Amino acid sequence: MKCPNCQKSFKSGKKCPNCNVDVVLFMGTTRLSNKLFNQGLERLKVSDFYHGIEMLSKSIAINKNNVSARNLLGLALFEVGHIGDALKHWVISTSLLKDENPASKYIDQAHKNPRILERYNDAVGMFNQALGHIKQKSDDLAIIQLKKAVEINPRFIDALNLLTLCFLIQNDREKALTTVERVLAIDPLNPIGLNYYGLLNPGKTKTRKPFAGVAPAKPLSDAVPYRTISLEEKKQSNFHIAEILAFIIGAACSAAALYFMLIPAIERDNTAQLQTVRSEMDVAATGYQTELDEANAREELLHAQVTQNETEILRLENITELQDRQIRVHHAYNRFLDGELREATSIVDGLMTTGFPNDLLDRIDEIRTGAYPVLGVEYYGEGLAAFNADDFALAAQHLQRAYYFLDEGAAQWNELLFMLASMHYNQGEDHFDEAQVLLLDLQARVPNFRAAAIARMLESIESQI
């Protein structure tokens, strides 16, 4: 038998004496991993990214050395916008197989297009910012970030699904349906997209072709009846009783003679052979134990090397991720110096600064200190113009941004709070809580500011709650 792990041959047993691998278990897990790889490949061939990624993830979970499954999983993740996860799997793949590994080509192609890679990373950052806005119930700001993300990467399925959710929150069913149809055009069996489609079209399901057909069962053939045997045929097939008895008696006498003549010699020969076999077994057992100890020592060494390699990979990944974040700060600072304040703040906002040196932290503070007041005033002006033009939807977007960037000590702060409170008030009872919080804040901070209007709105809110 040949070990599928170390390719060494051995005679018997289910464990390889060279590498101590359970051959049956190893082959079983390998077959299961390859089966899941084939199923994942078939799913991806019909653009079923969700279930394809799920099956490929299970494949490498069962056999982490399945390079083909890991490479294909990286391609699928790259296709739906998970760039960092794709690169991680390709790096691990190249550590498992260095020669003739397609993952090396994928990584080289990614590094040859740093601008595209940076933009895809920006799309992921915008997606994360949108999650934060949704947690703060700022779905308008979340929609802005998600639209930018899918504009950069139109196949970013998670961003499209989250954008659909935001449209559903705003009860904009037409835009939600358009977005979910984009998801199902890319990934027809995406369960989140199908769920949203069902909500938007009650009682209607998205038609799709079956993944695999089932061959119809073949009918069983009719049983052939037994053939009737005649009495004459039975007589011809029987032996005579006397002939049978004579044959049995002769065989018994021959067996007895052979027993008394040959058995003693056979027993002596068997005893000698048994002693020889026992001696050989003792020698083989000693040799086997020595080989087993050496194999265990090699296994411990290999395990230590694997652990060391995994630690080194993790360290390199952390260094790469830190360098990527530092490069983004440099890009943001250059845009800040060029006057592109909105682009600069979109990069640094929400950026994790763990491990940054002091000079980069100072640059981030410089960007925020220099850009926030200017952007706050700009968004305030745009929101005021939209508010005066009765375009309250656009005014809400700009004023929410101004609220984010302006400091409470700014000259426009009180008027900003009043306009936001007025818009919440005019949207009806569902937004009275937000309006009341802003109005009470204004009343406590500046009692004489628009006192009559604030008192009127508060009295109206309290009467209707």
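## Basis of the model

This is a predicted model, in which local features need pLDDT of at least 70 and side-chain atom pairs count only at pLDDT 80 or more, while totals for chains, interfaces and linings use all residues. Residues are numbered from 1 along each chain as its sequence is written, and side-chain values use heavy atoms, with hydrogens and water left out.

## Overall fold

The secondary structure of the protein consists of 18 helices and zero strands, both taken as DSSP runs numbered from the N terminus (helices H or I, at least four residues; strands E, at least two). Of the 465 residues in the protein, 33% are buried. Among contacts with a separation of 6 or more, 51% come from residues 24 or more positions apart, a contact being heavy atoms within 4.5 Å.

The accessible surface comes to about 29500 Å², and 57% of that belongs to carbon and sulfur atoms; accessible areas come from the Shrake-Rupley method with a 1.4 Å probe, and for residues only the protein chains shown count as cover.

## Salt bridges

The structure holds twelve salt bridges, each defined as a side-chain nitrogen of Lys or Arg within 4 Å of a carboxyl oxygen of Asp or Glu. One of them joins Glu378 and Arg342 at 3.5 Å, N to O, and this pair links distant parts of the chain, with Glu378 in helix α14 and Arg342 in helix α13 (residues 341-348), 36 residues apart. Glu378 is partly exposed at 36%, and together Arg342, Glu378 and Glu382 are linked in a network of salt bridges.

Within helix α12 (residues 241-337), Glu321 and Arg325 lie four residues apart, about one turn of the helix, and their side chains meet in a salt bridge (2.6 Å, N to O). Glu321 is partly exposed at 34% relative accessibility, whereas Arg325 is buried, with a relative accessible area of 6%.

## A negative surface patch

Asp359, Asp362, Asp365 and Glu366 form a negative surface patch. Patches are made of residues with over 30% relative accessible area and no salt bridge, like charges being joined within 9 Å and nonpolar side chains (Val, Leu, Ile, Met, Phe, Trp, Tyr) within 5 Å. Asp362 lies in helix α14 (residues 358-388) and is partly exposed, with a relative accessible area of 49%.

Note on methods
Lys, Arg positive; Asp, Glu negative; His and termini not counted. Charge placed at Lys NZ, Arg CZ, Asp CG, Glu CD. Buried < 20%, exposed > 50% of the residue type's maximum accessible area, 1.4 Å probe, protein only.
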